[in-house]
Amino acid sequence: MKEFVIRGQTAKGLTHTINFGGHKGGYGFKLIEFDLYGSFNVGAADAQMTAVITAGKTALDPQNPDFTDEGLIASAHLKNDANDAYPISSYAVINDTFVITQDVLLTVYNNEAHPVNWQCKFIPVKLTVPEEALANYRQFSIFDE
């Protein structure tokens, strides 16, 4: 199995479930890239977009990510200023050691009314039976808090 991409568009303030149910047993997945992009005329708008991915049951606030939250897998930010003196800036902080075995939540915010385009790249990780049980337990215990 090779790396794969999941992408979509989510309306401001909403949460999208990234579904990992039904994937081949014996594997987990690590997030290795997380990117945001506007769904508007990027050359003529001032926009700040943020997004978070969590393994928790409750979506996190993408404007105020808490890096002490064990379920936080990634946080991304994109800033676009209509003034050409300020180029578009984008960055993401990813916990690429977190092994995903169950569904995760992606929540977005945009100071504009437009939806946010997002793209996630994952790599599969082969797990032994004990490693898979531990990863499942870890993610479930975070979800069940």
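Which residue in strand 7 does Thr-15 stand opposite? View 2 gives the answer.

This is a predicted model, so local features need pLDDT of at least 70, side-chain atom pairs count only at pLDDT 80 or more, and totals for chains, interfaces and linings use all residues. Residues are numbered from 1 along each chain as its sequence is written, and side-chain values use heavy atoms, with hydrogens and water left out.

View 1. Two strands pair if DSSP finds at least two bridges between them. Strand 3 pairs with strand 8 (residues 116–126) over 11 bridges. Look for Leu-36, which stands opposite Trp-118 in strand 8.

View 2. Strand 2 pairs with strand 7 over 4 bridges. Thr-15 stands opposite Thr-107 in strand 7. Strand 7 also pairs with strand 4, over 6 bridges. In that pair, Met-49 stands opposite Asn-110. Strand 7 is mostly covered, with 6 of its 7 residues buried. Buried means under 20% relative accessible area, exposed means over 50%, and partly exposed lies in between (1.4 Å probe, protein chains only).

**View 3. The largest nonpolar core holds 27 residues.** A nonpolar core is a set of buried Ala, Val, Leu, Ile, Met, Phe, Trp, Tyr and Cys residues joined through side-chain atoms within 4.5 Å. Phe-34, Leu-36, Ile-53 and Cys-120 touch the most other members. Strands 3, 4 (47–54), 5 (72–80), 7 (104–110) and 8 each give two or more residues to this core. Strand 3 gives the largest share, 5 residues. Ile-53 has contacts (heavy atoms within 4.5 Å) with residues including Leu-31, Phe-34, Val-104 and Cys-120.

**View 4. Lys-121 joins a network of salt bridges with Glu-3 and Glu-33.** A salt bridge is a side-chain nitrogen of Lys or Arg within 4 Å of a carboxyl oxygen of Asp or Glu. Between Lys-121 and Glu-3, the closest N and O atoms are 3.5 Å apart. This pair links distant parts of the chain: Lys-121 in strand 8, and Glu-3 in the segment before strand 1, 118 residues apart. Lys-121 also meets Glu-33 (3.6 Å, N to O). Glu-33 lies in strand 3 and Lys-121 in strand 8, so this pair ties together parts 88 residues apart in sequence. Is Lys-121 buried or exposed? Lys-121 counts as buried, at 18% relative accessibility. Glu-3 is partly exposed, at 45%.

**View 5. Glu-70 and Arg-138 meet in a salt bridge.** The N to O distance is 3.7 Å. Glu-70 lies in the loop between strand 4 and strand 5, and Arg-138 in helix 1 (residues 129–143), so the pair ties together parts 68 residues apart in sequence.

Conventions. Lists of a residue's contacts leave out its neighbours within four places in sequence.
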